[in-house]
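Please view the sequence and the model side by side while reading.

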Amino acid sequence: MALARTKPKKIKPLLKTNCLSHGTVECHDLARARRFYEEVLGFEVVQTSDISLMLRRGKGTIIACVETKRKTAAGVYSHFGLDVDDRAAVDEAHKIVSGVRQEYGIKKIQRPVFQHGTYSFYIVDADDNWWEILENPKGGYNYVFDLKETAADWREQNQGRDRISKGKRQMTQRKKKKVA
Ligand SMILES: [Fe+2]
């Protein structure tokens, strides 16, 4: 499949938007979520209503967190990524988060792996939101927009695919064992 074009200058979009100001996550206990975001993930947090917070880390996108009653349905591809300096920092973060897993009701912590050109791991918090801790240059993924779109070397997608298919194989094997 051809790579997506990353030359937006030549395209005149229908909407004249200024920036991506925010994304959102859901939670089921605002106070618990705030503790996790501030004390573990390091967000600056402002409570914006009885049922909502805004989270900021750096000058980029802000995340609004809304307390809801229904079950959150985020998956791995609905995650937010928090950058750290290098691979060692990813490993260190993994160790730290693993040590406070019970205290913050963290549901899942995956092991760090190389995938799509970075080294990272995912956390599933008490509200089923997915967070990625990854190594990235300063400025995050902005460097991608400075590369030629045909230079695909920056991303080794197969690493991610390998991991996913391996996970699926393991799940299938577990199911078979249960049936047997
Ligand atoms: Fe990511």
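Two strands are said to pair if DSSP finds at least two bridges between them. In this predicted model, the bridge partner of valine 45 is leucine 55, which lies in E3. The two strands concerned, E2 and E3 (residues 52–56), pair in the antiparallel sense over five bridges. As background, strands of a sheet pair through backbone hydrogen bonds, either parallel or antiparallel.

**The sheet and its helix**

An open sheet of four strands has the order E1-E4-E3-E2, and its pairing is mixed. Strands E1 (22–27) and E2 (44–49) form the edges, each pairing on one side only. On average, neighbouring strands of this sheet are turned by 25 degrees against each other, direction ignored. Helix H1 (residues 30–40) packs on the sheet and touches E1, E2, E3 and strand E4 (62–67). The direction of H1 makes about 5 degrees with that of E3.

**The nonpolar cores**

The largest nonpolar core has nine residues in all, including Val25, Phe36, Tyr37, Leu55 and Cys65. Elements E1, H1 and E3 each give two or more residues to this core. H1 gives the most, with three residues. Tyrosine 37 touches Phe43, Val45 and Leu55, not counting residues up to four places away in sequence. Apart from this core lies another, of eight residues, among them Val90, Phe121, Trp130 and Leu134.

**Leucine 41**

Leucine 41 is found in the loop between H1 and E2. Is leucine 41 buried or partly exposed? A residue needs 20 or more other C-beta atoms within 10 Å of its own to be buried, and 12 or fewer to be exposed. Because leucine 41 has 19 C-beta neighbours inside 10 Å, it counts as partly exposed. Leucine 41 touches Phe36, Leu82 and Trp131, not counting residues up to four places away in sequence. The C-alpha atoms of leucine 41 and isoleucine 133 are separated by 9.3 Å, although these residues are 92 residues apart along the chain.

**Confidence of the model**

The mean pLDDT of the protein is 83, and 77% of its residues reach 70 or more.

Over residues 156–168, pLDDT stays under 50. For this stretch the model has nine contacts beyond four places in sequence.

Conventions: Residues numbered from 1 in each chain as written. Predicted model: local features only at pLDDT ≥ 70, side-chain atom pairs only at ≥ 80, totals over all residues. Axes fitted to C-alpha atoms, helices over the stretch in contact; angles between N-to-C directions. Contact = placed C-beta atoms within 7 Å. Core = buried A, V, L, I, M, F, W, Y, C linked by C-beta atoms within 7 Å. pLDDT = per-residue confidence, 0-100.
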